[in-house]
Amino acid sequence: MKPKDLLNFYIKTDLLPLLEPLGFKYVKSIPKFSRKTGPFSLSLSFCFSQYSSQDECIFWTMWDVSSNEYGKWYKQIWDTQLANNVVVASADWNIPNWLEGNEEHFTLYNKKSDKEKFSRFVYNVINIGIPHYEQIIDWNSAAEIALNEEDVFYEKVCDFYLMANEKKKAKDVLEYALARAIDENYEDLKQRMDKYFK
């Protein structure tokens, strides 16, 4: 079985029936699940390894939370469009307590053992991935989660704190980031400091 067909089979039989009642919409062509809650949209997309082959599907998921509200706020402040409205984004293995051990992917082999392996993946999605990102309920919690991601974008964290009307936290984050900044993002951070706090 082709890798994408193999994964789609398990998504359709074992994951879709659990995520649809939780409000997730499924786009089979990508494949991707997404759900909007208030100003935030949570999505998980499936990625295939280039080493996948007939009867061997190596996959992982990318998670992100985005918000059009952030894009609108940014446009108002900076008079320019954001490249994207992503609040946080991560590969599944960077989600705290994701249970796949040291492996950074799951593998299906078109065998009976796939059922057990995929059920472990489903457990992670339902009990670890979704609850982790459901913590983002407002801009304060968005900033806190973004601050604890594997890759921290301090300029965004600052923006989220400002959106939450937490000016001191926003300034503290910028000062912390500027003190440790490398050349490539120093200007971004300095620009924010000058605009927000001068």
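Tutor: Contact means heavy atoms within 4.5 Å. By that test, among contacts between residues at least 6 apart in sequence, 56% join residues at least 24 apart. This is a predicted model, where local features need pLDDT of at least 70, side-chain atom pairs count only at pLDDT 80 or more, and totals for chains, interfaces and linings use all residues. Residues are numbered from 1 along each chain as its sequence is written, and side-chain values use heavy atoms, without hydrogens or water.

Student: How do you know how many helices and strands the protein has?

Tutor: They are DSSP runs, numbered from the N terminus: helices are H or I with at least four residues, strands are E with at least two. The protein has 7 helices and 6 strands. Along the sequence the pattern reads α-β-β-β-β-α-β-β-α-α-α-α-α. The C-alpha atoms fill a box of roughly 65 × 35 × 30 Å along the principal axes.

Student: Why is C158 called buried?

Tutor: Buried means under 20% relative accessible area, exposed over 50%, partly exposed in between, with a 1.4 Å probe and protein chains only. C158 has 0%, so C158 is buried. Buried residues make up 43% of the 198 residues.

Student: And what makes T80 partly exposed?

Tutor: Its relative accessibility is 36%, so T80 falls in the partly exposed class. T80 sits in the loop between α2 (68-78) and β5 (86-91). Setting aside neighbours within four places in sequence, T80 is in contact with Y74 and K75.

Student: Which residues of helix α4 are buried?

Tutor: In α4, residues 139-147, they are W139, S141, A142, A143, I145 and A146. They pack against β3 (40-48), α2, β5, α3 (113-134) and α5. At the start of α4, a side-chain oxygen of D138 comes within 3.3 Å of the backbone nitrogen of N140.

Student: How do you know how many disulfides there are?

Tutor: A disulfide is a pair of cysteine sulfur atoms within 2.5 Å. The search of the whole structure finds 0. Take C47: the closest cysteine sulfur, in C57, is 11 Å away, so a bond is ruled out.

Student: What makes up the lining of the largest pocket, by class?

Tutor: It has 12 nonpolar, 3 polar and 7 charged residues. Ala, Val, Leu, Ile, Met, Phe, Trp, Tyr, Cys and Pro count as nonpolar, Asp, Glu, Lys and Arg as charged, and the others, Gly among them, as polar. The volume of this pocket is about 420 Å³. Of its 22 lining residues, N84, V86, F153, E155 and K156 are the closest to the centre. The largest share, 6 residues, comes from β5. At least two lining residues each come from α2, β5, α5 (154-163) and α7 (183-197).

Student: What makes the backbone at N97 stand out?

Tutor: Most residues other than glycine have a negative phi, and most peptide bonds are trans. N97 is not a glycine, yet its phi is positive, about 75°. N97 lies in the loop between β5 and β6 (106-108). At 63% relative accessibility, N97 is exposed.

Student: What about N165?

Tutor: N165 is not a glycine either, and has a positive phi of about 65°. Its loop runs between α5 and α6 (167-180). N165 has 59% relative accessibility, so N165 counts as exposed.

Student: How do you know whether the peptide bond from I30 to P31 is cis or trans?

Tutor: By omega, which is near -25°: the bond is cis. P31 lies in the loop between β1 (25-27) and β2 (32-37).

How values were computed. On a 1 Å grid over the protein atoms alone, a cavity is a set of points where a 1.4 Å probe fits but cannot get out, and a pocket is an open set with protein on both sides within 12 Å along at least five of seven lines; lining residues have an atom within 4 Å of a point. Grid points are joined across faces, edges and corners, and a volume is the space filled by probe spheres set on the points. A polar contact is a pair of N or O atoms within 3.5 Å; within protein, one must be able to donate a hydrogen and the other to accept it, and residues adjacent in sequence count only if both atoms are side-chain atoms.
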